[in-house]
Amino acid sequence: MTWTDEELVARSRSGDMDSFNQLILRWERPIYALAYRVIGQEEDARDVAQETFLRAFRALPGFKGQAKFSSWIYRIALNLCRDWIRRKKRTPVSQVPEDVDLSELAAEQGPVESVEELVARRELSEVVEEAMALLPEEQRTAVILKEYHGMTFQEIADLQGCPLSTVKTRLYQGLSVLRKHLREKNPSLMEPRRSGVN
Amino acid sequence: MKKVPEGHSPLNRSPYCGDPGALVSYLYNDGSAAELAAIGAHVQACDTCAAEIASLGDTRDVLSIWSPPQTELGLTLSASDALPVSSPSPAPVPSMAMAVADDLPWWRQSTPVWMQAVAATMVFAAGMAIGTGRGVSPSSSGTTASATPTSAPAVGVSRSELAALEERLRGELTRLATASAPAHPVAVRNTDDEAMTKRFRALLSESEERQRGESALRTAQLLRDIEIQRKLDIATIQNDIGKIQAVTGAELRQQRELQNQLINRVGLQK
């Protein structure tokens, strides 16, 4: 039987550790992905994810379900990311692993993609990381929450504690900066065009 | 004031034209149905906005390529994590307890072994310095002891002993002052001084003995603590190494399998 987040939270609050571990299992990957994209460091992102769940667990008695569990945990994670950035006092620099793991990429992509395509994809991914690192923290977070976590403008506004219009502006400005950087780095991929709206 | 894009006359200008909020709403299809329909109608009629939407859409396509590394997370919590943690966990993957170690006040964090060793050395050196200082010359030691009666407990001579000594000295002085002139005053004074010096020396040597004993005992206790901590650390490190070896072995196995898969695929494609 699959429990909802709310049910698992209720069971966790009554002392059921397994229920909370199920919540962790359900949310560890998105929280880690969020932390990684915001701070750009693999190990630190893992630490942030761990710390997020620990804080949530300890704060569980005070969580009355006024927000969704996911929103609550995203907020904790974002606060920790912000603390991390403040502590490091630097713009996050995306970490590009030294070892080229083509075999892993190949296993993920399927048989139609050639090694050249895999390398190109990897290079492009690095360009995106670089471009993301250029964005101010608020814009980067807004883009990440929208692009990779599929949140609504309202949810992002709630998490960032700003008006909805600010979220839209941050997204537009963020996307514009990313577009410019991607065009510079890879002109063929980002050729301006005048049609093709979906 | 909103900037009108090139090629737009005020006559065909829509409130949505060039509006970042409207463009982003349309791009992500996030807004009320009526609003999205109105923006859509404008985009159909406006080449500039259509091109902008298309270009931003291309950017989004490229962004979708970026994914975080596929790290094995395996986070879990135990009941003990609900309680405040006093020492870091020795797990190879940074544990929940480790993650909050930074939040603990410094006096609640465990003291490293090297710091304990330094403290032990300093205590030992201080004890030795006090003992050596007192042993240099009996006369100077006597002066120090009588000049600092308030630090008696630390030095080793008790307050009551010093008080008794002072009383005895006062008594001697009074007796000498009130007594009739002695036949051999210098000889009497010399005898008293010798007795006094002997008494001082005896007290000092007693105190030094006690001090040395206490220092040795304290040092032995610290050394024992350090040894226990060292053994614990070694056990923890060995445990960690074992876990790391297990993880590394599994990863290597996985890598080999993946490489084999890749080779097979490449062979099939050829």
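What percentage of the 198 residues of chain A count as buried? In this predicted model, 34% of them do.

## Overall make-up of the two chains

Chain A contains nine helices and zero strands, and along its sequence the pattern reads α-α-α-α-α-α-α-α-α. Among the contacts of chain A with a separation of 6 or more, 62% involve residues 24 or more positions apart.

Chain B likewise has nine helices and zero strands, in the order α-α-α-α-α-α-α-α-α from the N terminus. Chain B has 270 residues, of which 14% count as buried. Of the contacts in chain B between residues at least 6 apart in sequence, 55% link residues at least 24 apart.

## Helix packing within chain A

Helix 4 (residues 69-88) of chain A packs on helix 8 (residues 153-160) of chain A at an angle of about 50°, and the two axes are 10 Å apart. Helix 4 of chain A contributes A:Ser71, A:Tyr74, A:Arg75 and A:Leu78 to the contact, and helix 8 of chain A contributes A:Glu155, A:Asp158 and A:Leu159. By class, these residues comprise three nonpolar, one polar and three charged.

On the side of helix 7 of chain A, the contact involves A:Glu138, A:Gln139, A:Arg140, A:Ala142, A:Val143 and A:Lys146. These meet A:Val167, A:Arg170, A:Leu171, A:Gln173, A:Gly174 and A:Leu175 of helix 9 of chain A. The contact includes five nonpolar, three polar and four charged residues.

## The largest nonpolar core

The largest nonpolar core holds 62 residues. Those with the most contacts inside it are A:Ile31, A:Ala35, A:Val48, A:Ala49, A:Ala77, A:Cys81 and B:Leu23. Helix 2 (residues 17-39) of chain A supplies the largest share of this core, namely eleven residues.

Which residues does A:Ala49 contact, leaving aside its neighbours within four places in sequence? In chain A they are A:Glu28, A:Ile31, A:Tyr32 and A:Ala35, and in chain B they are B:Leu73 and B:Leu75.

## Helix 1 of chain B

Helix 1 (residues 20-28) of chain B is largely enclosed by the rest of the structure, because seven of its nine residues are buried. The buried residues are B:Gly21, B:Ala22, B:Leu23, B:Val24, B:Ser25, B:Tyr26 and B:Leu27. Their cover includes helix 9 (164-185) of chain A, as well as helix 2 (33-45) and helix 3 (47-63) of chain B. Just after helix 1 of chain B, B:Asn29 adopts a positive phi of about 55°.

## B:Ala216 in helix 9 of chain B

B:Ala216 lies in helix 9 (residues 185-269) of chain B. Is B:Ala216 buried or exposed? B:Ala216 has 12 other C-beta atoms within 10 Å and is therefore exposed. Although B:Ala216 and B:Phe124 are 92 residues apart in sequence, their C-alpha atoms are 7.9 Å apart in space.

Terms used: Residues are numbered from 1 along each chain as its sequence is written. Chains are lettered from A and ligands numbered from 1 in the order in which they are written. This is a predicted model: local features need pLDDT of at least 70, side-chain atom pairs count only at pLDDT 80 or more; totals for chains, interfaces and linings use all residues. Axes are lines fitted to C-alpha atoms, for helices over the stretch in contact, and angles run from 0 to 180 degrees between N-to-C directions. Helices (H or I, at least four residues) and strands (E, at least two) are DSSP runs, numbered from the N terminus. Two residues are in contact if their C-beta atoms, placed from the backbone, lie within 7 Å. Ala, Val, Leu, Ile, Met, Phe, Trp, Tyr, Cys and Pro count as nonpolar, Asp, Glu, Lys and Arg as charged, and the others, Gly among them, as polar. A nonpolar core is a set of buried Ala, Val, Leu, Ile, Met, Phe, Trp, Tyr and Cys residues joined through C-beta atoms within 7 Å. A residue is buried if 20 or more other C-beta atoms lie within 10 Å of its own, exposed if 12 or fewer, and partly exposed in between; C-beta atoms are placed from the backbone.
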